[in-house]
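Subject: Structure handover

Hi,

Here is the structure for you to look over. My notes follow below it.

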Amino acid sequence: MIDVARYAIAAVLCTLLFACGAERSRLPTQEWQDVVVGVETRPAPVVIGMNEFLVSATRKTGGAEYDLLVFIRMHESEPWTQSIQDGRTGVYRRAIAVGAVPQTLQVRVKRAGQETVLMFPLRQQE
């Protein structure tokens, strides 16, 4: 009976690990002023069509930076699309269309009258 319980617990843990491990990709972070900006993609790697981008912003001290406006786009010829702030977690999310990859995601970050554009090269699906 104990062996059955062990196998059941192991099966549940494996299921949870696979469920929590949704396919995503974290791109290398970049810094602007005192903010560390990172990007995750869903799916990972990106595919042609709609992809979700999660932009995370944290202070170098470790806290979430939620006092930003974040916009994204794939090409200079496209208009900026404002990302939606996910509470006060420092996460900004938006889905936009991706054409033939490899491409570079452009992230425009604004705070207190200052702004910058960060470039995140996207990995091509293999």
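A residue counts as exposed when its relative accessible area is over 50%, and as buried when that value is under 20%. Please keep in mind that this is a predicted model.

I start with the turn at alanine 112. This residue sits in the loop between β9 and β10. Its relative accessibility is 78%, so alanine 112 counts as exposed. The two strands form a hairpin, with two residues between them. In that turn, alanine 112 has a positive phi of about 50°. Aspartate 67 is 45 residues away from alanine 112 in sequence, yet the C-alpha to C-alpha distance is 8.6 Å.

Next, the strands. β9 covers residues 104-111. Six of its eight residues are buried, so β9 is largely enclosed by the rest of the structure. It has these pairings:

- With β10 (residues 114-121), β9 pairs in the antiparallel sense over eight bridges. Here arginine 111 stands opposite glutamine 114 in β10.
- With β5 (residues 69-73), β9 also pairs in the antiparallel sense, over five bridges. Here phenylalanine 71 stands opposite arginine 108 in β9.

Which residues does arginine 108 touch, leaving aside its neighbours within four places in sequence? The contacts are Leu69, Val70, Phe71, Trp80, Glu115, Thr116 and Val117. Phe71 in that list is the residue that stands opposite arginine 108.

As a general point, side chains in a regular strand alternate between the two faces of the sheet.

The largest cavity has a volume of about 40 Å³. Its lining is made up of Ser25, Leu27, Thr41, Pro45, Val46, Leu122 and Arg123. By type, the lining divides into four nonpolar residues, two polar and one charged.

Best wishes

Definitions and conventions
Residues numbered from 1 in each chain as written. Predicted model: local features only at pLDDT ≥ 70, side-chain atom pairs only at ≥ 80, totals over all residues. Heavy atoms only, no water. Buried < 20%, exposed > 50% of the residue type's maximum accessible area, 1.4 Å probe, protein only. Helix = DSSP H or I, 4+ residues; strand = E, 2+ residues; numbered from the N terminus. Pairing = 2+ DSSP bridges. 1 Å grid on protein atoms, 1.4 Å probe; cavity = no way out; pocket = protein on both sides within 12 Å on 5 of 7 lines; lining within 4 Å. Points joined across faces, edges and corners; volume = space filled by probe spheres on them. Nonpolar A, V, L, I, M, F, W, Y, C, P; charged D, E, K, R; others polar. Contact = heavy atoms within 4.5 Å.
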